[in-house]
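Work through the exercises below with the sequence and the model open. Try each task before reading its solution.

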Amino acid sequence: MRRILVTGANKGIGFAIAERVLEEADDTFLFLGSRDTDRGTAAVEKLLQANPDFANRVRVLEIDVSNDESVHNAAETVRAQSADDGLYGIVNNAGIGFGSSDLSTVLNVNTRGIHRICAAFIPLLVNAGRIVNITSAAGPNFVAKCGPDKKAFLTNVDVTWNEIDTLMNECVSFAGDVAAFNANGLADGSPYGLSKALANSCTLQLAREHPNLIINACTPGYIATDLTVQSEADRRKSPEELGMKSPREGANSAIFLLLGDPEGTGQYYGSDAQRSPLDRYRAPGSPPYTG
Ligand SMILES: NC(=O)c1ccc[n+]([C@@H]2O[C@H](COP(=O)([O-])OP(=O)(O)OC[C@H]3O[C@@H](n4cnc5c(N)ncnc54)[C@H](OP(=O)(O)O)[C@@H]3O)[C@@H](O)[C@H]2O)c1
């Protein structure tokens, strides 16, 4: 069995990725990551109501990506339950923050969360195992507005974790001070955009440091979930009415990078499962990036 962890899988795009993994590859076993066990259990029940056959292929894994102890405990659980087979894949999906302005919290989940999960779980991955980081078009859109030095930093394939960490600490010291971000070539310092641009940098760093793995990032597209649909009136509308796509469509690129045949490692993909640049937006359906 190919064992796969999806973080933040109790709802939204993570839930859709989990469901599609089980539907599309019957040799898979899924650790459905949820920071709250009850919400995770409810998600598994929902999955099993529609697909009772998945009963032996899915288990809730309590995991809060913002918390070292939670991630450590979850990795120990997976280690104990994976016998000698190891882990085939990790989808770093958990994320927050479209509307949040608390930079430190957003970075701790969206960027440090990826680093924390990879530090704990990479030792369990099999050779040529996959990591998929769900980032966002907000990353390249943010980089496009940066000054030349920060643009170079945020597209540097040789970036180290230490450099990413140092920049995050510097940014937290500017939090709320748009003029300071601007003066440092970091546009308006949008917490979400910055966290996703740096999550793409983590993808470059991890891919370089683990050449035996296949590590890529992707945006799901503009998807109707609790992250994007916040008013009660909008919740009653369909994704189409809102100009968004469904969570299942938002899983397309992640499923390709996890189970399909991507070109390589250390790349960022658009929601159409085609390569995209890190420093500007590429609309889905337009020619893939080849740089
Ligand atoms: N929706 C979009 O248009 C869009 C666009 C670009 C990128 N994305 C990215 O796609 C990913 C999934 O987002 P979504 O739209 O599906 O949002 P969502 O419906 O709000 O789901 C987010 C998931 O992340 C979990 N989560 C949040 N903080 C966590 C933590 N500290 N530890 C573990 N899990 C945590 C949430 O758990 P709880 O239920 O416990 O809160 C939930 O399961 C995110 O990384 C997001 O940035 C989404």
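Helices (H or I, at least four residues) and strands (E, at least two) are DSSP runs, numbered from the N terminus. The model is predicted: local features need pLDDT of at least 70, side-chain atom pairs count only at pLDDT 80 or more, and totals for chains, interfaces and linings use all residues. Residues are numbered from 1 along each chain as its sequence is written.

**Exercise 1. Find the strand order of the open sheet.**

Step 1. Read the order. The open sheet has 7 strands, arranged β3-β2-β1-β4-β5-β6-β7, with parallel pairing. Its edge strands are β3 (58-62) and β7 (268-269), each pairing on one side only.

Step 2. Check the pairs around β4 (residues 87-92). Strand β1 (residues 2-6) joins β4 over 3 bridges, in the parallel sense. Val6 has Val91 as its bridge partner in β4. On to strand β5 (residues 125-134): β4 pairs with β5 over 5 bridges, also parallel. Here Ile90 has Ile131 of β5 as its bridge partner.

Step 3. Continue to β7. β5 and β6 run parallel and are joined by 5 bridges. Ile131 has Ile215 as its bridge partner in β6. Strand β6 (residues 214-218) pairs with β7 over 2 bridges, in the parallel sense. Ala217 is partnered by Tyr268 of β7, and Cys218 stands opposite Tyr269.

**Exercise 2. How many residues of β4 and of β6 are buried?**

Step 1. Count β4. 6 of its 6 residues are buried, so β4 is largely enclosed by the rest of the structure.

Step 2. Count β6. 5 of its 5 residues are buried, so β6 is also largely enclosed by the rest of the structure.

Step 3. Sort by face. In a regular strand the side chains alternate between the two faces of the sheet. In β6, Ile214, Asn216 and Cys218 are buried on one side, and Ile215 and Ala217 are buried on the other.

**Exercise 3. Which strands does helix α13 lie across?**

Step 1. Take the angle rule. Axes are lines fitted to C-alpha atoms, for helices over the stretch in contact, and angles run from 0 to 180 degrees between N-to-C directions.

Step 2. Apply it. Helix α13 (residues 252-259) lies across β1, β4, β5, β6 and β7, at about 165° to β5. Helix α2 (residues 37-50) lies across β2 and β3, at about 165° to β3.

**Exercise 4. Describe the surroundings of Ser34.**

Step 1. Ser34 is in strand β2 (residues 28-34).

Step 2. Ser34 has 27 C-beta neighbours inside 10 Å, so it counts as buried.

Step 3. Beyond four places in sequence, Ser34 touches Ala9, Asn10, Arg39, Gly40, Ala43, Val60 and Glu62.

**Exercise 5. Which residues have the most contacts inside the largest nonpolar core?**

Step 1. Define the core: a set of buried Ala, Val, Leu, Ile, Met, Phe, Trp, Tyr and Cys residues joined through C-beta atoms within 7 Å.

Step 2. The largest has 85 residues, and Ile17, Leu30, Leu32 and Ala254 have the most contacts inside it. Helix α10 gives the most to this core, with 9 residues.

Step 3. Look at Leu30. Its contacts beyond four places in sequence are Ile4, Val6, Ala18, Val21, Leu22, Arg57 and Val58.

Key. A residue is buried if 20 or more other C-beta atoms lie within 10 Å of its own, exposed if 12 or fewer, and partly exposed in between; C-beta atoms are placed from the backbone. Two residues are in contact if their C-beta atoms, placed from the backbone, lie within 7 Å. Two strands pair if DSSP finds at least two bridges between them.
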